Amino acid sequence: MSDKDLSGLFLDTLKDIYYAEKQIYKALPKMAKAAVSPQLQAAFEKHETETEGQIERLEQIFEALGKPARGKKCDAIEGILDEGKEIMEEYADTPALDAGLLAAAQAVEHYEISRYGTLRTWAAKLGHKDAVKLLDATLAEEKKTDDALSKLAISAVNAEAA
């Protein structure tokens, strides 16, 4: 069996999101420190804890597949996180900083939602029932985080930036 089938693609994408989660985990404390809004700082800190759990779930999936938990460089997340760094530098000490940080965080969330949705669908097709449950849990967390960030943007952060 070729490793260029759905199973191979599933594993490659799993490695991609594993790498991405590790990078996100490193970026969140920096984003929390840069944020001015206490609510946004708290949101970043909460998601840092959630990300730790998401990494553990991915490691459980690798283990169930009998594969080492190893990341594969993800250019997409590198680019999204670079945009976040750029916002932190260019908008430091301005009222728009938190709005930019929040937007960057939502770009990360949307990427994760896309990846986890795809992985969940592929896991179901491949008969990886335990992986489906783990991916569903993470997907639900990512959607909840995105929703919370949207509400925070609307209720406070965007108004403060204006």
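Predicted model: local features only at pLDDT ≥ 70, side-chain atom pairs only at ≥ 80, totals over all residues.
**Entry 1: S37 and L40.** A polar atom of the S37 side chain lies 3.1 Å from the backbone nitrogen of L40. I then checked where S37 belongs, and found it in the loop between α1, residues 6-34, and α2, residues 38-65.

Is S37 buried or exposed? I looked up its relative accessibility and got 3%. The cut-off for buried is under 20%, so S37 counts as buried. Next I wanted its partners from farther along the chain. Setting aside neighbours within four places in sequence, I noted contacts with D98 and V157.

**Entry 2: D93.** I moved on to another loop residue. D93 sits between α3, residues 75-90, and α4.

**Entry 3: W122.** This one is in a helix, namely α4, which covers residues 97-126. Which residues does W122 touch, if I skip those up to four places away in sequence? I wrote down L6, L9, F10 and T13. I also took one distance from W122, to Q54. These two are 68 residues apart along the chain, and their C-alpha atoms are separated by 18 Å.

**Entry 4: the whole chain.** Time to step back. How many helices and strands does the protein have? I counted 5 helices and 0 strands, and reading from the N terminus the order is α-α-α-α-α.

For dimensions, I noted that the C-alpha trace spans about 55 × 25 × 20 Å along its principal axes. I then compared the radius of gyration with the globule rule. A compact globule of 162 residues would come out near 15 Å, and the protein has 17 Å, so the two agree.

Entry 5: Buried residues are 42% of the 162 in the protein. I put the accessible surface at about 8,700 Å², with 53% of that belonging to carbon and sulfur atoms.

Definitions and conventions:
Residues numbered from 1 in each chain as written. Heavy atoms only, no water. Helix = DSSP H or I, 4+ residues; strand = E, 2+ residues; numbered from the N terminus. Rg over C-alpha atoms; globule rule 2.2 N^0.38 Å. Buried < 20%, exposed > 50% of the residue type's maximum accessible area, 1.4 Å probe, protein only. Areas by Shrake-Rupley, 256 points an atom, 1.4 Å probe, with all protein chains shown as cover. Contact = heavy atoms within 4.5 Å. Polar contact = N/O pair within 3.5 Å; in protein donor to acceptor, adjacent residues only side chain to side chain.
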